[in-house]
Amino acid sequence: MRFRLIIPVIALSLLVSCKTDDHSNGHSVFRYNEVDGINSLDPLYTRNLSNINGCNQLFNGLVQYDDRMNVTPCIAKYWNISDDALTYTFTLRDDVFFHKSGLFGGDSTRKVVADDFVYSLNRVIDPVWASPGGWIMANVKRMDAQPDDKDFIPLAVTALNDTTLQIELSQPFSPFLSILAMKYCSVVPSEVVEHYGKDFRKNPIGTGPFKFKYWKEDEKLVLERNDNYFETDSEGNRYPYLDYVAISFIKDKQTVFLEFVKDNFDYMSGVDPAYMRELITPEGTLNEKYRDKFELISEPYLNTEYIGFNVEDETSPLSDPIVRQAVNYAIDKPKMLRHLRSNVGTPGIYGFIPTALPGHLTTPQYEYDPIKAAELIKKSKFYNNGNFPEIRIATTMEYSDLCNYIQSRLSYIGIPVKVDVYSAAVIKDMRSTSKLQCFRGSWVADYSDAENYLSLFYSKNFCPTGPNYFHWKNDRFDKMYETAISETDNDKRMELYAQMDSLIMTEPPCIVLFYDKVLRFVSKNVSGLGSNPINLMDLKKTKVSK
(Lines give C-alpha, C1' and ligand atoms only; values in the text may rest on other atoms or scores of the structure.)
Protein backbone atom coordinates (compact mmCIF):
# COMPACT_ATOMS: atom_id res chain seq x y z
CA MET A 1 0.00 0.00 0.00
CA ARG A 2 2.87 2.40 0.81
CA PHE A 3 4.31 1.84 -2.66
CA ARG A 4 1.03 2.76 -4.38
CA LEU A 5 0.73 5.95 -2.33
CA ILE A 6 4.19 7.15 -3.32
CA ILE A 7 3.80 6.53 -7.04
CA PRO A 8 1.48 9.46 -7.91
CA VAL A 9 3.84 11.93 -6.21
CA ILE A 10 6.78 10.59 -8.17
CA ALA A 11 4.88 10.66 -11.43
CA LEU A 12 3.70 14.22 -10.97
CA SER A 13 7.14 15.49 -10.01
CA LEU A 14 8.51 14.10 -13.26
CA LEU A 15 6.54 16.71 -15.16
CA VAL A 16 9.13 19.32 -14.24
CA SER A 17 12.15 17.21 -13.30
CA CYS A 18 15.26 16.98 -15.40
CA LYS A 19 15.86 13.90 -17.51
CA THR A 20 18.49 12.42 -15.23
CA ASP A 21 15.80 11.92 -12.58
CA ASP A 22 13.35 10.08 -14.84
CA HIS A 23 14.62 6.62 -13.95
CA SER A 24 15.97 7.24 -10.46
CA ASN A 25 13.01 5.32 -9.05
CA GLY A 26 12.93 2.75 -11.82
CA HIS A 27 9.93 4.28 -13.57
CA SER A 28 9.76 5.01 -17.29
CA VAL A 29 7.86 8.24 -17.96
CA PHE A 30 6.97 9.93 -21.25
CA ARG A 31 6.32 13.67 -20.90
CA TYR A 32 4.66 15.96 -23.41
CA ASN A 33 2.50 19.09 -23.61
CA GLU A 34 -0.95 19.74 -25.10
CA VAL A 35 -1.13 23.44 -25.98
CA ASP A 36 -4.86 23.25 -26.72
CA GLY A 37 -5.60 21.45 -23.47
CA ILE A 38 -7.92 18.50 -22.82
CA ASN A 39 -11.49 19.23 -21.71
CA SER A 40 -12.80 15.66 -21.58
CA LEU A 41 -11.53 12.10 -21.23
CA ASP A 42 -14.85 10.72 -22.45
CA PRO A 43 -14.42 9.40 -26.02
CA LEU A 44 -17.83 10.84 -26.92
CA TYR A 45 -16.19 14.27 -27.05
CA THR A 46 -13.09 13.56 -29.11
CA ARG A 47 -13.72 16.33 -31.61
CA ASN A 48 -10.21 17.80 -31.40
CA LEU A 49 -6.80 16.17 -31.59
CA SER A 50 -5.81 16.86 -27.98
CA ASN A 51 -8.88 15.03 -26.65
CA ILE A 52 -8.35 12.27 -29.20
CA ASN A 53 -4.73 11.79 -28.11
CA GLY A 54 -5.68 11.60 -24.44
CA CYS A 55 -8.51 9.14 -25.05
CA ASN A 56 -6.42 7.04 -27.42
CA GLN A 57 -4.29 5.91 -24.47
CA LEU A 58 -7.35 4.98 -22.39
CA PHE A 59 -9.83 3.40 -24.80
CA ASN A 60 -10.14 0.88 -27.63
CA GLY A 61 -12.74 0.16 -30.29
CA LEU A 62 -13.62 -2.68 -32.61
CA VAL A 63 -10.87 -1.69 -35.05
CA GLN A 64 -7.89 0.66 -35.12
CA TYR A 65 -5.45 2.30 -37.53
CA ASP A 66 -1.89 1.18 -38.06
CA ASP A 67 0.81 3.75 -38.83
CA ARG A 68 -0.14 3.71 -42.52
CA MET A 69 -3.79 4.37 -41.69
CA ASN A 70 -4.92 0.90 -42.66
CA VAL A 71 -7.86 -0.43 -40.63
CA THR A 72 -6.69 -3.37 -38.52
CA PRO A 73 -8.27 -5.56 -35.80
CA CYS A 74 -8.43 -4.36 -32.22
CA ILE A 75 -11.12 -5.75 -29.87
CA ALA A 76 -12.68 -7.32 -32.97
CA LYS A 77 -10.49 -10.21 -34.11
CA TYR A 78 -12.05 -10.27 -37.57
CA TRP A 79 -15.24 -9.34 -39.41
CA ASN A 80 -17.42 -10.28 -42.34
CA ILE A 81 -19.33 -7.98 -44.67
CA SER A 82 -22.46 -9.25 -46.41
CA ASP A 83 -22.63 -9.34 -50.21
CA ASP A 84 -24.96 -6.35 -50.28
CA ALA A 85 -22.50 -4.42 -48.03
CA LEU A 86 -25.27 -3.71 -45.51
CA THR A 87 -24.43 -6.09 -42.65
CA TYR A 88 -21.13 -6.13 -40.74
CA THR A 89 -20.55 -9.02 -38.34
CA PHE A 90 -17.65 -8.73 -35.87
CA THR A 91 -16.12 -11.54 -33.83
CA LEU A 92 -14.67 -10.14 -30.61
CA ARG A 93 -11.70 -11.17 -28.53
CA ASP A 94 -12.60 -12.84 -25.22
CA ASP A 95 -9.54 -11.60 -23.32
CA VAL A 96 -10.24 -7.85 -23.12
CA PHE A 97 -10.99 -6.37 -19.69
CA PHE A 98 -11.94 -2.91 -18.50
CA HIS A 99 -9.61 -1.06 -16.14
CA LYS A 100 -10.25 -1.88 -12.50
CA SER A 101 -13.04 0.02 -10.73
CA GLY A 102 -14.87 -0.27 -7.45
CA LEU A 103 -18.08 -0.14 -9.45
CA PHE A 104 -17.35 -3.65 -10.72
CA GLY A 105 -17.23 -4.85 -7.10
CA GLY A 106 -14.17 -4.23 -4.94
CA ASP A 107 -10.90 -3.55 -6.75
CA SER A 108 -12.05 -5.60 -9.71
CA THR A 109 -12.62 -5.57 -13.45
CA ARG A 110 -14.97 -7.08 -16.00
CA LYS A 111 -14.63 -8.69 -19.41
CA VAL A 112 -15.78 -6.74 -22.46
CA VAL A 113 -18.73 -8.35 -24.27
CA ALA A 114 -20.72 -7.48 -27.38
CA ASP A 115 -23.47 -5.80 -25.33
CA ASP A 116 -20.90 -3.19 -24.27
CA PHE A 117 -20.59 -2.10 -27.89
CA VAL A 118 -24.36 -1.99 -28.28
CA TYR A 119 -24.44 0.44 -25.36
CA SER A 120 -21.37 2.44 -26.44
CA LEU A 121 -22.36 2.95 -30.08
CA ASN A 122 -25.93 3.94 -29.19
CA ARG A 123 -24.55 6.43 -26.72
CA VAL A 124 -22.91 8.29 -29.66
CA ILE A 125 -26.34 9.24 -31.04
CA ASP A 126 -28.25 9.58 -27.76
CA PRO A 127 -29.31 13.25 -27.43
CA VAL A 128 -28.87 12.98 -23.67
CA TRP A 129 -25.11 12.91 -24.23
CA ALA A 130 -25.02 15.47 -27.06
CA SER A 131 -21.90 14.07 -28.66
CA PRO A 132 -20.49 16.07 -31.59
CA GLY A 133 -19.80 12.70 -33.23
CA GLY A 134 -23.42 11.72 -33.82
CA TRP A 135 -22.97 12.24 -37.57
CA ILE A 136 -20.69 9.19 -37.85
CA MET A 137 -23.70 6.88 -37.44
CA ALA A 138 -25.69 8.52 -40.25
CA ASN A 139 -25.49 5.39 -42.41
CA VAL A 140 -26.36 2.91 -39.65
CA LYS A 141 -29.92 1.60 -39.78
CA ARG A 142 -32.26 2.43 -36.90
CA MET A 143 -34.43 -0.05 -35.07
CA ASP A 144 -38.17 0.14 -35.70
CA ALA A 145 -39.60 3.06 -33.78
CA GLN A 146 -41.91 2.24 -30.90
CA PRO A 147 -44.94 4.38 -29.91
CA ASP A 148 -43.15 5.69 -26.82
CA ASP A 149 -39.99 6.62 -28.72
CA LYS A 150 -39.39 10.37 -28.85
CA ASP A 151 -35.94 11.73 -29.56
CA PHE A 152 -33.97 8.49 -29.48
CA ILE A 153 -34.37 5.49 -31.78
CA PRO A 154 -31.63 2.87 -31.19
CA LEU A 155 -29.17 1.82 -33.84
CA ALA A 156 -29.47 -1.56 -35.54
CA VAL A 157 -26.54 -2.86 -33.50
CA THR A 158 -27.12 -6.30 -32.04
CA ALA A 159 -25.18 -8.61 -29.71
CA LEU A 160 -25.76 -12.09 -31.20
CA ASN A 161 -23.81 -13.48 -28.25
CA ASP A 162 -21.00 -12.29 -25.95
CA THR A 163 -18.39 -12.35 -28.73
CA THR A 164 -20.45 -11.59 -31.85
CA LEU A 165 -21.66 -8.11 -32.78
CA GLN A 166 -23.78 -7.25 -35.81
CA ILE A 167 -24.22 -3.78 -37.31
CA GLU A 168 -26.73 -3.10 -40.10
CA LEU A 169 -26.43 -0.14 -42.46
CA SER A 170 -29.34 1.65 -44.12
CA GLN A 171 -27.29 2.03 -47.28
CA PRO A 172 -23.84 0.81 -48.35
CA PHE A 173 -21.03 3.07 -47.16
CA SER A 174 -17.58 1.82 -48.09
CA PRO A 175 -15.60 3.94 -45.55
CA PHE A 176 -17.62 2.49 -42.62
CA LEU A 177 -14.70 0.54 -41.12
CA SER A 178 -12.63 3.74 -41.11
CA ILE A 179 -15.49 5.43 -39.26
CA LEU A 180 -15.42 2.69 -36.61
CA ALA A 181 -11.71 3.39 -36.02
CA MET A 182 -12.58 6.86 -34.69
CA LYS A 183 -12.38 7.33 -30.92
CA TYR A 184 -16.10 8.14 -30.75
CA CYS A 185 -16.65 4.39 -31.24
CA SER A 186 -14.63 3.32 -28.19
CA VAL A 187 -16.14 0.78 -25.83
CA VAL A 188 -17.14 1.97 -22.34
CA PRO A 189 -18.72 0.14 -19.37
CA SER A 190 -22.38 1.11 -18.88
CA GLU A 191 -22.35 0.72 -15.08
CA VAL A 192 -19.46 3.19 -14.71
CA VAL A 193 -20.86 5.69 -17.22
CA GLU A 194 -24.32 5.63 -15.66
CA HIS A 195 -22.85 6.07 -12.20
CA TYR A 196 -20.78 9.15 -13.07
CA GLY A 197 -23.00 10.62 -15.78
CA LYS A 198 -21.38 13.71 -17.30
CA ASP A 199 -18.53 13.34 -14.80
CA PHE A 200 -17.35 10.25 -16.66
CA ARG A 201 -15.24 12.81 -18.56
CA LYS A 202 -12.92 13.01 -15.53
CA ASN A 203 -13.42 9.45 -14.22
CA PRO A 204 -12.67 7.42 -17.35
CA ILE A 205 -12.65 3.63 -17.34
CA GLY A 206 -11.64 2.02 -20.60
CA THR A 207 -9.64 -0.91 -21.92
CA GLY A 208 -6.59 0.96 -23.26
CA PRO A 209 -2.87 0.47 -22.64
CA PHE A 210 -2.94 3.14 -19.94
CA LYS A 211 -5.39 3.88 -17.16
CA PHE A 212 -6.36 7.13 -15.51
CA LYS A 213 -4.29 8.20 -12.50
CA TYR A 214 -4.54 11.94 -11.84
CA TRP A 215 -5.87 15.07 -13.55
CA LYS A 216 -5.70 18.67 -12.41
CA GLU A 217 -7.43 20.43 -15.27
CA ASP A 218 -5.37 22.97 -17.23
CA GLU A 219 -2.24 21.89 -15.34
CA LYS A 220 -1.33 18.21 -15.55
CA LEU A 221 -2.66 14.76 -16.39
CA VAL A 222 -1.01 11.48 -15.42
CA LEU A 223 -1.80 8.09 -16.93
CA GLU A 224 -0.48 4.81 -15.53
CA ARG A 225 0.44 1.54 -17.21
CA ASN A 226 -2.39 -0.99 -17.58
CA ASP A 227 -0.74 -4.27 -16.56
CA ASN A 228 -3.74 -6.20 -17.88
CA TYR A 229 -3.69 -4.83 -21.44
CA PHE A 230 -4.53 -7.39 -24.11
CA GLU A 231 -2.18 -6.50 -26.99
CA THR A 232 1.37 -7.92 -27.10
CA ASP A 233 4.49 -7.48 -29.19
CA SER A 234 5.97 -10.15 -31.50
CA GLU A 235 7.73 -11.79 -28.55
CA GLY A 236 4.60 -12.01 -26.44
CA ASN A 237 5.42 -9.08 -24.14
CA ARG A 238 2.40 -7.04 -23.11
CA TYR A 239 2.12 -3.45 -24.23
CA PRO A 240 2.70 -0.78 -23.05
CA TYR A 241 6.39 -0.47 -22.16
CA LEU A 242 6.04 2.86 -20.32
CA ASP A 243 5.08 3.10 -16.65
CA TYR A 244 3.57 6.57 -16.90
CA VAL A 245 2.49 9.25 -19.33
CA ALA A 246 2.69 12.81 -17.95
CA ILE A 247 0.85 15.51 -19.91
CA SER A 248 1.09 19.22 -19.16
CA PHE A 249 -1.06 22.05 -20.54
CA ILE A 250 1.18 25.06 -21.08
CA LYS A 251 -0.62 27.34 -23.53
CA ASP A 252 2.30 29.55 -24.58
CA LYS A 253 4.02 27.86 -27.51
CA GLN A 254 7.28 29.73 -26.94
CA THR A 255 7.44 28.41 -23.37
CA VAL A 256 6.75 24.88 -24.60
CA PHE A 257 9.57 25.19 -27.11
CA LEU A 258 12.03 26.39 -24.46
CA GLU A 259 11.00 23.60 -22.06
CA PHE A 260 11.46 21.04 -24.80
CA VAL A 261 14.93 22.35 -25.66
CA LYS A 262 15.80 22.14 -21.93
CA ASP A 263 14.81 18.43 -21.98
CA ASN A 264 11.74 18.91 -19.78
CA PHE A 265 9.57 17.29 -22.47
CA ASP A 266 10.30 14.18 -24.51
CA TYR A 267 8.25 15.26 -27.51
CA MET A 268 6.89 18.31 -29.27
CA SER A 269 4.39 18.34 -32.14
CA GLY A 270 4.50 20.93 -34.89
CA VAL A 271 6.42 24.17 -35.10
CA ASP A 272 5.15 27.68 -34.44
CA PRO A 273 6.03 30.29 -37.10
CA ALA A 274 7.75 32.33 -34.36
CA TYR A 275 10.57 29.81 -34.04
CA MET A 276 10.32 27.91 -37.33
CA ARG A 277 13.63 29.35 -38.57
CA GLU A 278 15.24 28.41 -35.27
CA LEU A 279 14.34 24.74 -35.68
CA ILE A 280 13.95 24.18 -39.41
CA THR A 281 16.30 24.92 -42.30
CA PRO A 282 14.92 26.50 -45.51
CA GLU A 283 15.03 22.99 -46.98
CA GLY A 284 12.72 21.67 -44.26
CA THR A 285 15.28 19.70 -42.26
CA LEU A 286 16.28 19.99 -38.61
CA ASN A 287 18.85 22.69 -37.88
CA GLU A 288 22.28 21.24 -37.19
CA LYS A 289 22.55 22.84 -33.73
CA TYR A 290 19.79 20.52 -32.45
CA ARG A 291 20.67 17.28 -34.17
CA ASP A 292 22.52 15.89 -31.15
CA LYS A 293 19.57 16.66 -28.83
CA PHE A 294 16.51 15.36 -30.69
CA GLU A 295 15.22 14.03 -33.99
CA LEU A 296 12.70 15.34 -36.49
CA ILE A 297 10.12 12.87 -37.79
CA SER A 298 8.23 14.20 -40.80
CA GLU A 299 5.64 12.71 -43.12
CA PRO A 300 2.59 13.76 -45.17
CA TYR A 301 -0.36 14.88 -43.06
CA LEU A 302 -4.01 14.34 -43.95
CA ASN A 303 -4.63 18.07 -44.21
CA THR A 304 -5.30 20.07 -47.37
CA GLU A 305 -4.82 23.84 -47.08
CA TYR A 306 -6.81 25.84 -49.62
CA ILE A 307 -8.43 29.11 -50.65
CA GLY A 308 -12.15 28.47 -51.15
CA PHE A 309 -14.55 30.32 -53.46
CA ASN A 310 -18.29 30.85 -53.28
CA VAL A 311 -19.06 29.91 -56.90
CA GLU A 312 -22.83 30.41 -56.62
CA ASP A 313 -22.78 34.22 -56.56
CA GLU A 314 -23.12 35.13 -60.24
CA THR A 315 -22.06 38.73 -59.57
CA SER A 316 -18.65 37.53 -58.38
CA PRO A 317 -15.83 36.90 -60.89
CA LEU A 318 -15.19 33.64 -59.03
CA SER A 319 -18.44 32.27 -60.46
CA ASP A 320 -16.55 32.00 -63.78
CA PRO A 321 -14.62 28.69 -64.10
CA ILE A 322 -12.10 30.44 -66.38
CA VAL A 323 -11.20 32.87 -63.59
CA ARG A 324 -10.87 30.01 -61.11
CA GLN A 325 -8.50 28.21 -63.47
CA ALA A 326 -6.47 31.38 -63.95
CA VAL A 327 -5.92 32.03 -60.23
CA ASN A 328 -4.75 28.43 -59.82
CA TYR A 329 -2.09 28.90 -62.50
CA ALA A 330 -1.07 32.27 -61.01
CA ILE A 331 0.25 30.93 -57.68
CA ASP A 332 3.86 29.74 -57.45
CA LYS A 333 3.16 27.16 -54.76
CA PRO A 334 6.71 25.74 -54.41
CA LYS A 335 8.06 29.27 -53.90
CA MET A 336 5.29 30.04 -51.42
CA LEU A 337 6.17 26.97 -49.34
CA ARG A 338 9.88 27.68 -49.49
CA HIS A 339 9.64 31.29 -48.32
CA LEU A 340 6.71 31.12 -45.91
CA ARG A 341 6.87 27.59 -44.49
CA SER A 342 10.47 26.39 -44.88
CA ASN A 343 9.24 23.69 -47.26
CA VAL A 344 7.01 22.16 -44.58
CA GLY A 345 4.39 20.71 -46.89
CA THR A 346 3.93 19.55 -50.47
CA PRO A 347 2.87 22.07 -53.15
CA GLY A 348 -0.84 21.71 -53.98
CA ILE A 349 -0.42 21.14 -57.70
CA TYR A 350 -2.53 17.97 -57.83
CA GLY A 351 -6.11 17.59 -56.58
CA PHE A 352 -7.93 18.18 -53.32
CA ILE A 353 -7.19 14.69 -51.93
CA PRO A 354 -3.86 14.86 -50.05
CA THR A 355 -0.93 12.80 -51.29
CA ALA A 356 -0.98 10.56 -48.19
CA LEU A 357 -4.33 8.98 -49.16
CA PRO A 358 -5.02 6.31 -51.79
CA GLY A 359 -7.08 7.81 -54.61
CA HIS A 360 -5.10 11.05 -54.84
CA LEU A 361 -4.06 12.38 -58.23
CA THR A 362 -0.49 11.75 -59.36
CA THR A 363 -0.55 13.99 -62.45
CA PRO A 364 -0.06 17.74 -61.85
CA GLN A 365 -3.17 19.81 -62.50
CA TYR A 366 -2.01 23.39 -61.88
CA GLU A 367 1.70 24.10 -62.03
CA TYR A 368 2.83 27.72 -61.95
CA ASP A 369 2.18 29.41 -65.31
CA PRO A 370 1.54 33.19 -65.00
CA ILE A 371 1.41 33.66 -68.78
CA LYS A 372 -1.38 31.12 -69.13
CA ALA A 373 -3.14 32.68 -66.14
CA ALA A 374 -3.06 36.14 -67.74
CA GLU A 375 -4.38 34.75 -71.03
CA LEU A 376 -7.29 33.05 -69.29
CA ILE A 377 -8.24 36.23 -67.42
CA LYS A 378 -8.62 38.08 -70.71
CA LYS A 379 -11.15 35.44 -71.84
CA SER A 380 -13.39 36.01 -68.83
CA LYS A 381 -16.62 37.94 -69.20
CA PHE A 382 -15.53 39.95 -66.14
CA TYR A 383 -12.45 41.32 -67.91
CA ASN A 384 -13.05 44.83 -69.27
CA ASN A 385 -10.20 46.50 -71.18
CA GLY A 386 -7.59 45.80 -68.51
CA ASN A 387 -9.96 46.25 -65.59
CA PHE A 388 -11.08 43.46 -63.34
CA PRO A 389 -13.35 43.39 -60.25
CA GLU A 390 -11.72 43.17 -56.83
CA ILE A 391 -11.64 39.84 -55.00
CA ARG A 392 -11.77 39.75 -51.18
CA ILE A 393 -10.05 36.96 -49.24
CA ALA A 394 -11.08 36.36 -45.62
CA THR A 395 -8.44 34.92 -43.31
CA THR A 396 -7.15 34.91 -39.75
CA MET A 397 -4.03 36.76 -38.62
CA GLU A 398 -2.13 33.46 -38.51
CA TYR A 399 -2.46 33.04 -42.27
CA SER A 400 -2.34 36.68 -43.34
CA ASP A 401 1.20 36.36 -44.74
CA LEU A 402 0.08 33.51 -46.96
CA CYS A 403 -2.92 35.49 -48.22
CA ASN A 404 -0.73 38.55 -48.78
CA TYR A 405 1.47 36.40 -50.99
CA ILE A 406 -1.59 35.32 -53.00
CA GLN A 407 -2.61 38.97 -53.22
CA SER A 408 0.75 39.86 -54.79
CA ARG A 409 0.60 36.95 -57.27
CA LEU A 410 -2.93 37.75 -58.44
CA SER A 411 -2.17 41.45 -58.82
CA TYR A 412 0.61 40.40 -61.20
CA ILE A 413 -2.03 39.03 -63.62
CA GLY A 414 -4.33 42.00 -63.16
CA ILE A 415 -6.65 40.86 -60.37
CA PRO A 416 -6.94 43.32 -57.45
CA VAL A 417 -7.25 41.56 -54.10
CA LYS A 418 -8.24 42.80 -50.64
CA VAL A 419 -7.26 40.65 -47.64
CA ASP A 420 -9.76 40.85 -44.75
CA VAL A 421 -8.53 39.60 -41.37
CA TYR A 422 -11.14 38.21 -38.97
CA SER A 423 -11.20 35.93 -35.95
CA ALA A 424 -11.55 32.20 -36.63
CA ALA A 425 -15.04 32.21 -35.08
CA VAL A 426 -16.26 34.99 -37.37
CA ILE A 427 -14.88 33.27 -40.46
CA LYS A 428 -16.49 29.99 -39.45
CA ASP A 429 -19.87 31.65 -39.06
CA MET A 430 -19.66 33.69 -42.28
CA ARG A 431 -18.38 30.74 -44.29
CA SER A 432 -21.16 28.42 -43.15
CA THR A 433 -23.78 31.01 -44.12
CA SER A 434 -22.20 31.74 -47.54
CA LYS A 435 -21.36 35.36 -46.65
CA LEU A 436 -17.76 35.16 -47.87
CA GLN A 437 -16.70 35.55 -51.47
CA CYS A 438 -13.35 33.90 -50.85
CA PHE A 439 -11.77 32.38 -47.72
CA ARG A 440 -8.74 30.51 -46.49
CA GLY A 441 -9.60 27.05 -45.19
CA SER A 442 -8.17 23.65 -44.37
CA TRP A 443 -9.61 20.18 -44.22
CA VAL A 444 -8.11 17.67 -41.80
CA ALA A 445 -9.36 14.12 -42.26
CA ASP A 446 -11.85 12.82 -39.72
CA TYR A 447 -11.20 9.29 -40.95
CA SER A 448 -8.77 7.64 -43.34
CA ASP A 449 -10.69 7.53 -46.61
CA ALA A 450 -10.63 9.96 -49.54
CA GLU A 451 -14.44 10.13 -49.42
CA ASN A 452 -13.87 12.40 -46.42
CA TYR A 453 -12.41 15.02 -48.80
CA LEU A 454 -14.71 14.45 -51.76
CA SER A 455 -17.79 14.90 -49.58
CA LEU A 456 -17.01 18.64 -49.53
CA PHE A 457 -18.06 18.83 -53.18
CA TYR A 458 -21.22 16.69 -53.09
CA SER A 459 -24.19 18.95 -53.85
CA LYS A 460 -26.35 17.45 -51.10
CA ASN A 461 -23.76 18.71 -48.60
CA PHE A 462 -24.31 22.41 -49.27
CA CYS A 463 -23.68 24.54 -46.20
CA PRO A 464 -25.05 25.40 -43.71
CA THR A 465 -26.13 21.76 -43.21
CA GLY A 466 -23.00 20.27 -44.80
CA PRO A 467 -19.34 21.06 -45.55
CA ASN A 468 -19.81 22.15 -49.21
CA TYR A 469 -18.92 25.77 -48.46
CA PHE A 470 -18.25 26.41 -52.16
CA HIS A 471 -21.83 25.62 -53.28
CA TRP A 472 -20.17 23.82 -56.17
CA LYS A 473 -22.46 21.42 -58.04
CA ASN A 474 -21.74 18.94 -60.80
CA ASP A 475 -24.28 16.23 -61.70
CA ARG A 476 -21.63 13.86 -63.03
CA PHE A 477 -19.61 14.23 -59.85
CA ASP A 478 -22.68 13.54 -57.70
CA LYS A 479 -23.43 10.30 -59.56
CA MET A 480 -19.81 9.14 -59.27
CA TYR A 481 -19.79 9.98 -55.55
CA GLU A 482 -22.92 7.91 -54.94
CA THR A 483 -21.41 5.01 -56.90
CA ALA A 484 -18.11 5.21 -55.03
CA ILE A 485 -19.55 5.04 -51.51
CA SER A 486 -21.37 1.83 -52.47
CA GLU A 487 -18.38 0.24 -54.21
CA THR A 488 -16.89 -2.63 -52.20
CA ASP A 489 -14.00 -3.28 -54.60
CA ASN A 490 -11.21 -1.12 -53.19
CA ASP A 491 -9.29 -0.70 -56.46
CA LYS A 492 -12.41 0.38 -58.34
CA ARG A 493 -13.28 2.83 -55.57
CA MET A 494 -9.80 4.40 -55.67
CA GLU A 495 -10.12 4.80 -59.43
CA LEU A 496 -13.45 6.56 -58.98
CA TYR A 497 -11.96 8.82 -56.32
CA ALA A 498 -9.18 9.91 -58.69
CA GLN A 499 -11.66 10.58 -61.50
CA MET A 500 -13.81 12.67 -59.18
CA ASP A 501 -10.84 14.69 -57.96
CA SER A 502 -9.79 15.34 -61.55
CA LEU A 503 -13.32 16.50 -62.38
CA ILE A 504 -13.24 18.98 -59.49
CA MET A 505 -10.01 20.46 -60.81
CA THR A 506 -11.43 21.09 -64.31
CA GLU A 507 -13.64 23.83 -62.84
CA PRO A 508 -11.92 24.31 -59.47
CA PRO A 509 -13.97 25.85 -56.64
CA CYS A 510 -10.73 26.49 -54.73
CA ILE A 511 -6.99 26.94 -54.93
CA VAL A 512 -5.24 23.94 -53.37
CA LEU A 513 -2.28 25.63 -51.68
CA PHE A 514 -0.41 22.70 -50.13
CA TYR A 515 -0.74 19.34 -48.44
CA ASP A 516 0.55 19.68 -44.91
CA LYS A 517 3.15 17.60 -43.09
CA VAL A 518 3.30 16.05 -39.64
CA LEU A 519 6.33 17.33 -37.71
CA ARG A 520 7.37 15.46 -34.59
CA PHE A 521 10.38 16.53 -32.56
CA VAL A 522 11.45 13.60 -30.40
CA SER A 523 14.18 13.28 -27.77
CA LYS A 524 17.05 10.95 -28.58
CA ASN A 525 16.17 8.67 -25.67
CA VAL A 526 12.68 7.92 -27.05
CA SER A 527 12.03 4.99 -29.36
CA GLY A 528 8.93 3.37 -30.82
CA LEU A 529 6.87 6.56 -30.99
CA GLY A 530 6.58 6.44 -34.77
CA SER A 531 4.33 8.71 -36.77
CA ASN A 532 1.16 8.61 -38.86
CA PRO A 533 -0.68 10.88 -41.32
CA ILE A 534 -3.26 12.09 -38.76
CA ASN A 535 -0.69 12.82 -36.03
CA LEU A 536 -2.44 10.41 -33.66
CA MET A 537 -0.52 9.82 -30.43
CA ASP A 538 -0.16 6.07 -29.83
CA LEU A 539 2.17 5.38 -26.91
CA LYS A 540 1.71 1.66 -26.38
CA LYS A 541 4.95 0.82 -28.26
CA THR A 542 6.96 3.78 -26.98
CA LYS A 543 10.04 3.37 -24.80
CA VAL A 544 12.07 5.94 -22.88
CA SER A 545 15.64 4.90 -22.11
CA LYS A 546 18.12 6.49 -19.72
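Me: Hi! Proline 464 lies in the loop between which two helices?
Reply: Hello! Proline 464 sits in the loop between helix 13 (451–454) and helix 14 (475–484). Helices here are DSSP runs of H or I with at least four residues, strands are E runs of at least two, and both are numbered from the N terminus. Bear in mind that this is a predicted model: local features need pLDDT of at least 70, side-chain atom pairs count only at pLDDT 80 or more, and totals for chains, interfaces and linings use all residues. Residues are numbered from 1 along each chain as its sequence is written, and side-chain values use heavy atoms, with hydrogens and water left out.

Me: Thanks. What kind of peptide bond joins cysteine 463 and proline 464?
Reply: A cis one, with omega about 15 degrees. A cis bond also joins tyrosine 239 and proline 240, where omega is about -5 degrees. Proline 240 lies in the loop between strand 9 (220–225) and strand 10 (244–248).

Me: What about the phi of asparagine 385?
Reply: Asparagine 385 has a positive phi too, of about 50 degrees. It is in the loop between helix 10 (370–379) and strand 14, and counts as exposed because its relative accessibility is 75%.

Me: Switching topic: how many residues has the largest nonpolar core?
Reply: It has 144 residues, and Phe30, Leu62, Phe90, Ile167 and Phe477 have the most contacts inside it. A nonpolar core is a set of buried Ala, Val, Leu, Ile, Met, Phe, Trp, Tyr and Cys residues joined through side-chain atoms within 4.5 Å.

Me: Which residues does Phe90 touch?
Reply: Leaving out residues up to four places away in sequence, the contacts of Phe90 include Leu62, Trp79, Ile167 and Leu180. Contact means heavy atoms within 4.5 Å.

Me: Where does threonine 542 lie?
Reply: Threonine 542 is in the loop between strand 18 (526–527) and strand 19 (543–544). At 0% relative accessibility, threonine 542 counts as buried. Among the residues it touches, with those up to four places away not counted, are Phe30, Tyr241 and Val526.

Me: Now cavities. How many of 30 Å³ or more are there?
Reply: The count comes to one. On a 1 Å grid over the protein atoms alone, a cavity is a set of points where a 1.4 Å probe fits but cannot get out, while a pocket is an open set with protein on both sides within 12 Å along at least five of seven lines; lining residues have an atom within 4 Å of a point. About 40 Å³ of space lies in the largest cavity, and volume is the space filled by probe spheres set on the points, which are joined across faces, edges and corners.

Me: What lines the largest cavity?
Reply: Its lining includes Ile307, Phe309, Leu318 and Cys438. Strand 12, strand 14 (391–395) and helix 11 (400–412) each give two or more residues.

Me: How much space lies in the second largest pocket?
Reply: About 590 Å³. The second largest pocket is lined by 30 residues, with Ser178, Ser448, Asp449, Asn490 and Arg493 nearest its centre. Helix 15 supplies the largest share of that lining, three residues.

Me: Last one: which residues of helix 9 are buried?
Reply: Lys333, Met336, Leu337 and Arg341 are buried in helix 9 (residues 333–341). Seen down the helix 9 axis, its buried residues fall within an arc of 95 degrees, so they line one face of the helix; the arc is that of the directions from the helix axis to the C-beta atoms. Helix 8 (321–329) and strand 17 (510–523) are among the elements that cover the buried residues of helix 9.

Key:
Buried means under 20% relative accessible area, exposed over 50%, partly exposed in between (1.4 Å probe, protein chains only).
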